[in-house]
Amino acid sequence: MDDLELFLNWKHYIFSIAYRITGSYVDAEDIVQESYLRWLTADKRSIQNHKSYLGSIAARLAFDLLKKASRKKETYIGPYLPEPIPETADTLVDEKINFALLVILETLNPTERAVFILRELFDFDYETIASIVGKNTDNCRQILSRARLAVQSRKKKFDPDPKLHSKLLLEFSFACYSQDTKSLTNLLREDVIAFSDGGGKIHAARIPIPGIRRVISLMIRTTKKAAKSTEVFFGYANGSPAIIGYSQEEPSFVQIFTIEGKKIDRIYNLVNPDKLKGFRNKENLIKLGYLRKPTFWEWTLYQLYHLISLH
């Protein structure tokens with residue numbers, strides 16, 4: 001097996017580490033490339049465990065980028081959300097982290113985030129983690145304990161019934177595009193909050209929008225504007241069903257939400273084009289099963305449901 005074949009065996013693993021530490025699809029791809037260049041020049045005879053060696057390279061590169069990015073986030077315009085990546089229903093079973101948890105990880109400092117991810121998600125030993133983040137092993141154990149407490153204090157149940165999640169996504173999408181405020185009222189919690197990440201590049205709310213009335217007004221207004229030029233697909237992103245919009249063949253938004261008490265409680269709208277690069281190449285994503293159009297029967301069932309609810 002040559003160097004390229006050996007590397008390709010662990011390419012997904014490298015990307016997974018890099019993406020989860022940085023929260024950036026583009027940075028993770030760059031780290032995969034840089035890891036390969038370092039792999040080519042490495043003395044393979046001295047490497048006892050290829051997976052561990054490549055994982056450590058990716059983790060160091062990702063941690064360095066994360067520290068640099070944390071300074072940029074301080075001047076970021078509006079809410080800062082992680083970059084979504086496309087998935088299929090089949091890949092969700094293997095995921096240990098979803099979008100809602102990525103949002104929580106953004107509240108940790110770079111060292112806490114790296115230690116938490118490397119230990120909790122990838123089972124790195126403390127000695128390796130310590131060398132990556134520049135701390136001793138006792139410090140890393142304390143940092144992990146602190147990070148766990150921070151995550152648990154914000155963490156809700158992130159694994160609602162997949163059928164319920166998909167059903168609510170369908171109804172939410174149809175209610176927005178048919179300007180159905182009554183259905184939206186039934187779908188959203190009173191304390192729902194909408195977050196919009198435009199990064200100052202696309203017009204978007206610069207603060208979170210709280211409360212059912214304000215969120216419905218936002219959804220109706222933005223959907224009415226987008227409906228004229230946007231092609232809508234359903235898919236999955238970071239462990240959750242998602243609505244993906246395209247304008248002139250380029251991704252224009254990805255919308256993900258979380259559920260509490262069988263209603264939608266958080267809506268995440270990503271419209272910053274720099275964070276939608278994982279959803280480029282629309283035709284290829286359709287061919288591979290990452291995107292799909294709502295079917296005729298889904299529209300019909302929604303219309304029947306809507307008619308029944310009016311009586």
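1. Phe 257 stands opposite Ile 267 in β7. Strands here are DSSP runs of E of at least two residues and helices are runs of H or I of at least four, numbered from the N terminus; two strands pair if DSSP finds at least two bridges between them.

2. The model is predicted, so to speak of local features requires pLDDT of at least 70, side-chain atom pairs count only at pLDDT 80 or more, and totals for chains, interfaces and linings use all residues. Residues are numbered from 1 along each chain as its sequence is written, and side-chain values use heavy atoms, with hydrogens and water left out.

3. Strand β7 spans residues 263–270. Strand β6 (residues 250–260) is joined to β7 by seven bridges, and the two run antiparallel. Two residues lie between the strands in this hairpin, where Gly 261 takes a positive phi near 60°.

4. Strand β2 (residues 188–197) runs parallel to β7, with six bridges joining them. Asp 197 has Leu 270 of β7 as its bridge partner.

5. Of the eight residues in β7, six are buried, and the strand is mostly covered. Buried means under 20% relative accessible area and exposed over 50%, with partly exposed in between (1.4 Å probe, protein chains only).

6. Aromatic pairs number 12, counting rings of Phe, Tyr and Trp (its six-membered ring) whose centres lie within 6.5 Å; planes under 30 degrees apart are stacked, over 60 edge-to-face and the rest tilted. Phe 172 and Phe 257 are edge-to-face because their ring planes stand at 65°, with the centres 5.8 Å apart. This pair links distant parts of the chain, 85 residues apart: Phe 172 is in helix α9 (residues 162–177) and Phe 257 in strand β6.

7. Both partners are covered. Phe 172 counts as buried because its relative accessibility is 0%; Phe 257, at 1%, also counts as buried.

8. Elsewhere, Trp 10, Tyr 13 and Phe 122 form one aromatic cluster.

9. Two lysines deserve a line. The charged end of Lys 44 sits over the ring of Trp 39, 4.9 Å from its centre, and that of Lys 282 sits over the ring of Tyr 246, 5.8 Å from its centre. The rule asks for NZ of Lys or CZ of Arg within 6 Å of the ring centre and within 35 degrees of the ring normal.

10. The disulfide count is zero, a disulfide being a pair of cysteine sulfur atoms within 2.5 Å. Cys 140 is buried at 0% relative accessibility, and Cys 176 is buried at 2%.
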